[in-house]
Amino acid sequence: MASIDLDKVLDKAWADKSLPEILAAPVGALKGVSDRDGELLLEAFGVKTIADLAELKYVRWAQALAALDTTK
């Protein structure tokens with residue numbers, strides 16, 4: 001089972017929310033993602049929520065390529 005330290009990846013306002021609430025949150029709820037970044041993701045890829053970002057095929061492709069990297 002996967003686990004993650006929510007305090008490290010989410011803005012403080014979102015760290016105590018339920019997983020469904022977090023997945024439905026705007027990408028700006030992620031630490032380091034600004035409202036402008038969220039606007040650009042929406043414009044470029046139609047990404048509105050954290051769930052949308054996780055399902056974005058380009059993110060999945062990049063993760064698959066990174067997993068193939070044997071130099072790490």
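Student: Which residues does Thr-49 touch, not counting residues up to four places away in sequence?

Tutor: Thr-49 touches Leu-23, Ala-24, Ala-25, Pro-26 and Val-27. Contact here means heavy atoms within 4.5 Å. This is a predicted model, where local features need pLDDT of at least 70, side-chain atom pairs count only at pLDDT 80 or more, and totals for chains, interfaces and linings use all residues. Residues are numbered from 1 along each chain as its sequence is written, and side-chain values use heavy atoms, with hydrogens and water left out.

Student: Where is Thr-49 placed?

Tutor: Thr-49 sits in the loop between α3 and α4. Helices (H or I, at least four residues) and strands (E, at least two) are DSSP runs, numbered from the N terminus.

Student: Is Thr-49 buried or exposed?

Tutor: Thr-49 counts as buried, because its relative accessibility is 17%. Buried means under 20% relative accessible area, exposed means over 50%, and partly exposed is in between, with a 1.4 Å probe and protein chains only.

Student: What does the side chain of Thr-49 reach?

Tutor: It reaches the backbone nitrogen of Asp-52, at 3.0 Å. A polar contact is a pair of N or O atoms within 3.5 Å; within protein, one must be able to donate a hydrogen and the other to accept it, and residues adjacent in sequence count only if both atoms are side-chain atoms.

Student: Back up a bit. How many helices and strands are in the chain?

Tutor: There are 5 helices and 0 strands. Along the sequence the pattern reads α-α-α-α-α. The C-alpha atoms fill a box of roughly 35 × 30 × 20 Å, taken along the principal axes.

Student: What share of the chain counts as buried?

Tutor: Of its 72 residues, 19% count as buried.

Student: What else lies in the loop between α2 and α3?

Tutor: Leu-30 lies there. Leu-30 counts as buried, at 18% relative accessibility. Lys-31 is found in that loop too, but Lys-31 is partly exposed, with a relative accessible area of 43%.

Student: Which residues is Leu-30 in contact with, leaving aside neighbours within four places in sequence?

Tutor: Val-9, Leu-10, Asp-11, Ile-50 and Leu-53. Leu-30 and Ile-50 are 20 residues apart in sequence, and 7.9 Å apart in space, C-alpha to C-alpha.

Student: What does Lys-31 touch?

Tutor: Not counting residues up to four places away in sequence, Lys-31 touches Asp-7, Lys-8, Val-9, Leu-10 and Asp-11. The side chain of Lys-31 reaches the backbone oxygen of Asp-7 at 2.6 Å. The C-alpha atoms of Lys-31 and Asp-11 are separated by 5.1 Å, though the two are 20 residues apart along the chain.

Student: Which residues line the largest pocket?

Tutor: Ile-4, Leu-6, Val-9, Leu-10, Leu-19, Ile-22, Leu-23, Leu-30, Ile-50, Leu-53 and Ala-54. The elements giving two or more residues to that lining are α1 (6-9), α2 (19-24) and α4 (50-55).

Student: How do the lining residues divide?

Tutor: Into 11 nonpolar, no polar and no charged. Ala, Val, Leu, Ile, Met, Phe, Trp, Tyr, Cys and Pro count as nonpolar, Asp, Glu, Lys and Arg as charged, and the others, Gly among them, as polar.

Student: Last thing. How many aromatic pairs turn up in the whole structure?

Tutor: A search finds 2. Phe-45 and Tyr-58 form a tilted pair, 5.5 Å centre to centre with 50° between the planes. Rings of Phe, Tyr and Trp (its six-membered ring) pair if their centres lie within 6.5 Å; planes under 30 degrees apart count as stacked, over 60 as edge-to-face and the rest as tilted.

Student: Why does the pair of Phe-45 and Tyr-58 tie parts together?

Tutor: Phe-45 lies in helix α3 (residues 35-45) and Tyr-58 in helix α5 (residues 57-68), so the pair ties together parts that are 13 residues apart in sequence.

Student: Which residues form the edge-to-face pair?

Tutor: Tyr-58 and Trp-61, at 5.2 Å centre to centre and 85° between the planes. Ring pairs link Phe-45, Tyr-58 and Trp-61 into a cluster.

Methods. On a 1 Å grid over the protein atoms alone, a cavity is a set of points where a 1.4 Å probe fits but cannot get out, and a pocket is an open set with protein on both sides within 12 Å along at least five of seven lines; lining residues have an atom within 4 Å of a point.
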